[in-house]
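Please look over the sequence and the fold shown here before reading on.

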Amino acid sequence: MASTVNAVLEVSYIITIIINSITFPLTIFLNVLVIMAVKTRPRLRTNSNILLACLAVTDALAGVLGQPSYILWKIFLLLGLSSSETVGNFNITVKATLVVASCLHLMLVTFERLIAIKFTMHYSNIVTQSTIKIAVVSVWIIAFTAVNLRLLKMYVLARSICGFLIISCIVFVAFTSMILFHETCRHQRKIKAQNLPQEEVKRFTKENKALKTTVLVVCAVTVCLLPVAFGPISLVAGFHYISTIMEPWWQTFPLLNSLVNPLIYCWRQKEIRMFVFRIRSQTSIESDTVISPPEVNYIISISINSIVCPFTVLLNVLVILVIKKRPRLRTNSNILLACLAVTDALTGLFGQPLYVLWRIFLLFGLSNSETLEDVCVCVMTTLSSASYLHLMLVTFERLVAIKYAMRYSNVVTNNNLKIAVLAIWIISFVCGTLCVLKMYLALNYIGSLISISCIVLVGFAYVTLYHETRRHRRKIKTQQLPQEEVERSTKENKALKTTVFVVSAVIVSLLPAGFCLIGSATDLFDTCPIDESIWQTCSVLNSFVNPLIYCWRQNEMRKLVFRI
């Protein structure tokens with residue numbers, strides 16, 4: 001029974017990991033767009049929309065912190081890593097903070113609608129920009145204080161306060177909704193019975209539409225939180241089996257609400273919908289100008305990187321863990337590929353998210369985009385340098401294994417590999433530091449040296465290895481070599497082919513960037529026909545392709561990665 005539960009639970013983990021990996025970039029993107037729509041469009045800057053934008057901040061944070069930490073936690077649990085408890089505690093703390101903040105924001109949104117419809121005459125005195133700011137700051141202070149009592153090991157008090165706040169929210173929202181229902185019915189009867197001024201009718205219609213949006217948001221939150229209530233109820237009822245299996249689902253549903261909310265805002269408000277789904281470059285929302293090509297390329301690159309980056313991290317981490325855990329896979333060539341996988345995993349963990357954030361900031365013309373660009377360029381400079389140097393090391397290892405087989409055990413040792421990898425990261429961090437210090441002349445010199453050295457060494461090594469493998473084949477055909485020697489040669493040749501595929505994948509991913517660089521250097525064109533965001537995206541996609549090559553080329557690795 002226990003094995004069946006574990007098997008079903010693992011399937012649930014994998015499905016919820018995939019769901020969160022696909023939805024979290026969209027959650028961030030849509031909520032940021034909603035916030036920007038309310039911020040940049042004066043007609044949308046009503047008090048009710050400002051409060052919905054504050055709720056969108058909470059939802060965006062769920063996409064930035066809640067869902068990625070959940071994915072990481074479940075991956076760690078699947079792999080049985082010791083640090084899964086720490087990641088789990090972080091995820092629970094983040095989610096609890098965001099749930100409490102969301103509930104309190106819903107109370108604020110509902111309260112604003114109550115004042116607008118029930119106490120119309122006092123609205124302008126009660127709901128002001130100043131009081132909204134104070135209320136929102138108070139919401140976050142209460143949410144952080146209530147939840148972070150867990151960090152002080154005051155678990156009972158933290159749960160009691162969080163429970164009290166959530167129950168208070170439910171009671172307040174339910175009671176307010178009843179009052180608002182009766183009030184809207186009274187207003188509708190009044191409009192039918194009396195000949196009210198057109199201005200009064202328009203105002204009521206507008207307030208009622210905002211109320212319906214709020215009701216839909218509250219309903220969406222309620223539906224997404226229902227599975228959370230199902231967990232404790234099933235435990236109390238004695239259905240421990242069902243409660244265990246459903247745990248990943250009731251943890252995922254509240255996070256998915258953060259994706260549903262901006263879709264509701266877009267559905268209910270035409271101007272937000274037009275801003276979010278028909279972004280303009282230099283024209284007003286009312287114009288019929290189509291999206292400009294750079295913005296289309298930004299959106300394409302943002303979408304590709306957002307979807308690919310979690311899988312880049314996951315696949316490379318799995319490759320590293322498989323090589324670490326399986327003695328048969330712990331060969332020198334595989335250890336170096338695992339070191340390259342570390343670089344690729346860091347690209348998915350830092351490089352791609354920073355790139356997505358930078359492009360989003362550029363899309364909205366935010367002032368911080370330049371700072372973010374500098375950070376992104378410096379991170380990618382460090383990781384690119386590390387990747388190229390690792391490729392040189394992988395190729396050098398194959399050269400020694402095939403060309404200088406007798407000296408291999410003396411040259412390629414664990415100690416030498418550690419020193420070489422450490423030296424690579426020191427050089428890479430030096431390049432990153434030069435980028436941070438804006439010493440671009442020195443950086444260009446070192447970068448050019450690394451690139452040229454990598455091209456020359458890899459080119460020379462593979463010409464040598466090609467001739468050497470052909471010589472080995474002729475030797476095997478003409479001479480009756482021992483079976484052990486033949487098997488060793490076949491094994492080394494297979495590892496060489498894996499390295500060739502990895503290098504080829506790097507070259508293919510860098511072709512668009514190389515085309516633009518050569519074209520600019522030779523004055524073939526003033527502006528590269530391939531958009532900057534496209535060739536930058538192609539360059540980092542290599543980090544996603546590499547682990548797929550390792551799995552394709554090695555049967556045991558493939559089985560362990562895809563059937564853990």
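**Helices, charges and a loop**

Helix 2 (residues 47-79) and helix 3 (residues 84-118) have axes that come within 9 Å and cross at roughly 165°, where axes are lines fitted to C-alpha atoms, for helices over the stretch in contact, and angles run from 0 to 180 degrees between N-to-C directions. Helix 2 and helix 3 are therefore roughly antiparallel to each other, a label for angles over 145 degrees, while those under 35 count as roughly parallel, 65 to 115 as roughly perpendicular and the rest as oblique. The contact of helix 2 with helix 3 has 21 nonpolar, 10 polar and three charged residues; here Ala, Val, Leu, Ile, Met, Phe, Trp, Tyr, Cys and Pro count as nonpolar, Asp, Glu, Lys and Arg as charged, and the others, Gly among them, as polar.

This is a predicted model, in which local features need pLDDT of at least 70 and side-chain atom pairs count only at pLDDT 80 or more, whereas totals for chains, interfaces and linings use all residues. Residues are numbered from 1 along each chain as its sequence is written, and side-chain values use heavy atoms, with hydrogens and water left out.

The protein chain as a whole has 18 helices and zero strands, helices (H or I, at least four residues) and strands (E, at least two) being DSSP runs numbered from the N terminus. Of its 564 residues, 46% count as buried, a term that means under 20% relative accessible area, with exposed over 50% and partly exposed in between (1.4 Å probe, protein chains only).

A second pair to find is helix 12 (residues 369-403) and helix 14 (residues 414-436), which pack at an angle of about 150° with their axes 8 Å apart. That angle makes helix 12 roughly antiparallel to helix 14. By class, the contact of helix 12 with helix 14 has 15 nonpolar, six polar and no charged residues.

Charged side chains do pair elsewhere, and the count comes to seven salt bridges, each a side-chain nitrogen of Lys or Arg within 4 Å of a carboxyl oxygen of Asp or Glu. One of them joins Glu112 and Arg113, at 2.8 Å from N to O, and both of these residues are buried. Another joins Glu397 and Arg398, whose closest N and O atoms are 2.8 Å apart; Glu397 counts as buried because its relative accessibility is 2%, and Arg398 is likewise buried at 2%. Salt bridges that share partners also join Lys118, Glu183 and Arg186 into one network. Within it, the side chains of Glu183 and Arg186 meet at 2.4 Å, N to O, and both residues lie in helix 6 (residues 155-193), three residues apart, about one turn of the helix. Glu183 counts as buried because its relative accessibility is 6%, whereas Arg186, at 39%, counts as partly exposed.

Finally, the loop between helix 16 (483-521) and helix 17 (532-553) holds Ile530, which counts as partly exposed because its relative accessibility is 25%. Leaving aside residues up to four places away in sequence, Ile530 touches Pro512, Phe515, Cys516 and Trp535. Pro512 is 18 residues from Ile530 along the chain, and the C-alpha atoms of the two are separated by 7.1 Å.

Conventions
Contact = heavy atoms within 4.5 Å.
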